[in-house]
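Me: I would like to go through this model by question and answer, with the cut-offs stated along the way. Here it is.

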Amino acid sequence: MSEHGHPTPKLYAIILACLVVGTVLTYRAAFWDMGIFNPVVALTIACTKATLVILFFMHVRYSSKLTKITISAGFFWLLIMITMSLSDYLTRTFLPQ
Amino acid sequence: MSTSQTTTTEHHPALAQQFDSMEQQQDASTFGMWVFLLTEIMMFGGLFTAYLIYRIKYYDAFVAGSTSISVGWGFTNTLVLIGSSFTMAMAVWAAQKGFRKAQVWFLIGTMVLGAAFLGVKAKEYHDKWDECHIPGHIIGKGFNAWGGCSATDPKLGNIADEIRERDPKVPKVSAVQTAKQTEIFFSFYFAMTGLHAFHMVIGFGLLSWLLWRAYKGEFGPQYYTPVELGGLYWHFVDIVWIYLFPLLYLISRTRT
Amino acid sequence: MSIDKPVMPEKHYLNDNYGIRSWLLTKDHKRIAILYLFSITVFFFIGGLFAGLIRLHLLTPNGELFQADTYNRLFTMHGVNMIFFFLIPSVPAVIGNFLIPIMIGTKDLAFPKINLLSWYLYIGGATFSLITLLNGGVDTGWTFYAPLSSGYVKSPVIVMAVGILIVGFSSIFTGLNFIVTVHRMRAPGMTWGRLPLFVWANYAASLIMILGTPVIAITLILLALERGFHIGIFDPKLGGDPVLFQHMFWFYSHPAVYIMILPGMGVISEIVTCFSRKRVFGYSFIAFSSIAIAVFGFVVWAHHMFVAGISVYSALVFSLLSYAVAIPSAVKVFNWTATMYKGSVKMDTPMLYAMAFIGLFTIGGLTGLFLAALGLDIHIHDTYFVVAHFHYVMVGGMVTAYLGGLHFWWPKMTGRMYPEAPAKLAALITFIGFNLTFFPQFILGYMGMPRRYWAYPPEFQVLNVLSSAGASVLAVGFILPLFYFLWSLKYGEVAGDNPWQATGLEWETTSPPPTHNFHHIPVVTKDPYAYGEDEEVPVVH
């Protein structure tokens, strides 16, 4: 019935370990000078951590398609807001004068 | 359509009358919580959008502001909150299995870790108070990132000096200018972590209520939906912090 | 139909329980809808009062009735109360709340307690609005542009912002409830392809409610923080960016207009098909166009900011997308028209409102395209052209649809028919009054009269007087229903289950419905709108 195949404590512990590793990684990486890639690395690690929390702690891996679509819609809308707002600011000085 | 474990003549006491089965109730409630979290994504998202725009506009000031908050405490808090997410996931697992004592202890663990997080944040806010980094002049001693403000240590909180220490080639005038611009960084720091902390406090309230019900033994394999919903909320708050940590604390630490 | 004279059912949701507690603590979606009906009607007339004062003041060019500062408060409070406390809740919270569970064949919404909470949040927000009113009202315009609102005006901006924040959560919870209900509570056999178009429309509006409203929540929070603590987020003096406020504000406020119009379009779909006695033309196109409007509506917001200093490249994109968003609306208009073509049109009051909607909304929508053209917008931005445009879609469109829906489902909600003659008269008066009020404003705007100005050049007076005259006629048209609806509660003809011979699950239960909506949960086997194909509309008791 509701046995959607829930994760086991062991799996939770593994995810916890991954999250801790990710945190340490992002902390250390902040002190290396990678130029433009610093924020890219930081956000990639953050997205990976968030994905792990969503898929396993929040059980989305075992949830219905509707749940998965809902979450994707949320991030998609956030992306719309960010990119279209930025598209104004980032194209402001490109006047062909 | 309805495939509940109980027979059709007996209703689980927690089955609300608008639903046909516990399964439908669990399905609908979980979906409802996800829809609510969607609204939270958009609300924090608005803040993140504004933050992004200003980070691009005032990059140096954001670097300076970010460097002046304690990365050690931020790192610690991230680990604390991740830990609390783990204990919360375990609490949901225990509730689903019907292990009453385990549920209670894991919920308590989550609350303890959550409280630790808030305690650290309180310390961080207090530090900002001491250093005159609270934006505006209504709360605190007035924003003064460029000149520092401590009676015992005049250099405490002096961002302009810190900028010049990291890069001596920066002229004093522009260091002071950048330091003044950090007020925007701190506005976002307090708005974002403040909104986050506010959500944690609400989460606290939810957890207390869940703890009480778990203690009374209300949750088991037939019915653990409230714990699952509480878990979803708590994990969401964790995810917001997972993004806040690098965006606020780790903008650029390479020149330290 | 073998029933000669319909009789009121013995027990129904209105007389099931008596006493104020049974209403204030109700979980019945139908009672909550009635609670909303009373509340939003109050705010409609509050907003209308301000409109009346504005039109009175604008009779003369030199503004002899009110000071400039007071005039600012008038148009602000008119806008805020109408938009947030009337238009946005109107169809969803009243008609949607009442009908959606019945239309999909279930006992109540997914979360009845949250539904009640929605109403209390509305009342909470409304209280803040009233407090603002008693403190002289806000004078920034309903758009609250910063830094005017965050750093310069002395009016109770934060109180108003908090009120809007609270009522925004009311909207969010309503949308959340509708979405979960439509996904998870449909009766057996009620597939997505059999849902009434009214449900599709409200579902689409609910998507906008949950995705857009949180952004205005955070915008208002930031505004309040800036105003209260003097931090710089939008105020350029403090290093902030005023255009950012506009981006964040309009990210919600543009989709908000689709929150307002989509449910109205859903009403029109229901009315047009019933009173043409013909299956609706292009069901799936109308259904998907609602979703398309909801999605596209989110990517056009900066068309409110063409002259605010945004990048011209970004403006080009937003202008193009604004043209695209008109297409699904046009699809609906074509399909409604095609439904009426060769149908057997019955000119009852709901149909009069529906036909008015189609014409007036088309005018309003087309004039939106004028505004979406970059070059033209430079000339007509912030003029009465804009004012006329949005009143055509909001009043000529939305309010007309709301009234049409109220008339159509009044018998279902109350068990009584409204009196047809006064109703037709009111519809006619409203139509005439509306056009007389707002059509001159297109001309005024094109001629250059700016909006939100308390005085104007004398050459604009004739058109302004026409507009004000129209407003008084419109007021009569809006007040009449108040009287005959109330009259009908006691003296109206008993309606029976299905006075319009309409299809749809709501007409298969009694008027008014029992508290649990149905005596037996229906099983759906037919497609919706089977008009003219199966004249037997089964009556289930």
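Me: In what order do the elements of chain A run from the N terminus on?
Reply: This is a predicted model, in which local features need pLDDT of at least 70 and side-chain atom pairs count only at pLDDT 80 or more, while totals for chains, interfaces and linings use all residues. Residues are numbered from 1 along each chain as its sequence is written, and chains are lettered from A and ligands numbered from 1 in the order in which they are written. Helices (H or I, at least four residues) and strands (E, at least two) are DSSP runs numbered from the N terminus, and chain A has three helices and zero strands. From the N terminus on, the order is α-α-α.

Me: What is the radius of gyration of chain A?
Reply: The radius is taken over C-alpha atoms, and the globule rule is 2.2 Å times the number of residues to the power 0.38. That rule gives 13 Å for the 97 residues of chain A, and the chain is well over this, so it is more spread out than a compact globule, with a radius of gyration of 19 Å.

Me: How many Å separate the centres of domain 1 and domain 2 of chain A?
Reply: The bounds, which come from an automatic or database domain assignment, are 7-58 for domain 1 and 64-92 for domain 2 of chain A. Taken over C-alpha atoms, the separation of the two centres is 21 Å.

Me: Which element gives the most to the side of chain A that touches chain B?
Reply: Counting two residues as in contact if their C-beta atoms, placed from the backbone, lie within 7 Å, 36 residues of chain A are in contact with 37 residues of chain B. Helix H1 (9-29), helix H2 (37-57) and helix H3 (65-90) of chain A are the elements that give two or more residues to this side. The one that gives the most, with twelve residues, is H3(A).

Me: Which element gives the most to the side of chain C that touches chain B?
Reply: Here 30 residues of chain C are in contact with 27 residues of chain B. The elements that give two or more residues to this side are helix H6 (157-184), helix H7 (197-229) and helix H8 (242-275) of chain C. With ten residues, the one that gives the most is H7(C).

Me: Where is the kink in H6(B) centred?
Reply: Helix H6 (residues 172-215) of chain B has 44 residues and reaches 61 Å from its first C-alpha to its last, close to the expected 64 Å, where the expected span is 1.5 Å times one less than the number of residues. The bend at a residue is the angle between axes fitted to the seven residues ending there and the seven starting there. The kink of about 25° is centred on B:Ile184.

Me: What is omega for the peptide bond from C:Ala146 to C:Pro147?
Reply: Most peptide bonds are trans. C:Pro147 is found in the loop between helix H4 (112-134) and helix H5 (148-152) of chain C. The bond from C:Ala146 to C:Pro147 is cis, with omega near 0°.

Me: What is phi of B:Cys132?
Reply: Most residues other than glycine have a negative phi. B:Cys132 is placed in the loop between helix H4 (100-130) and helix H5 (159-166) of chain B. Its phi is positive, in a residue other than glycine, with a value near 60°.
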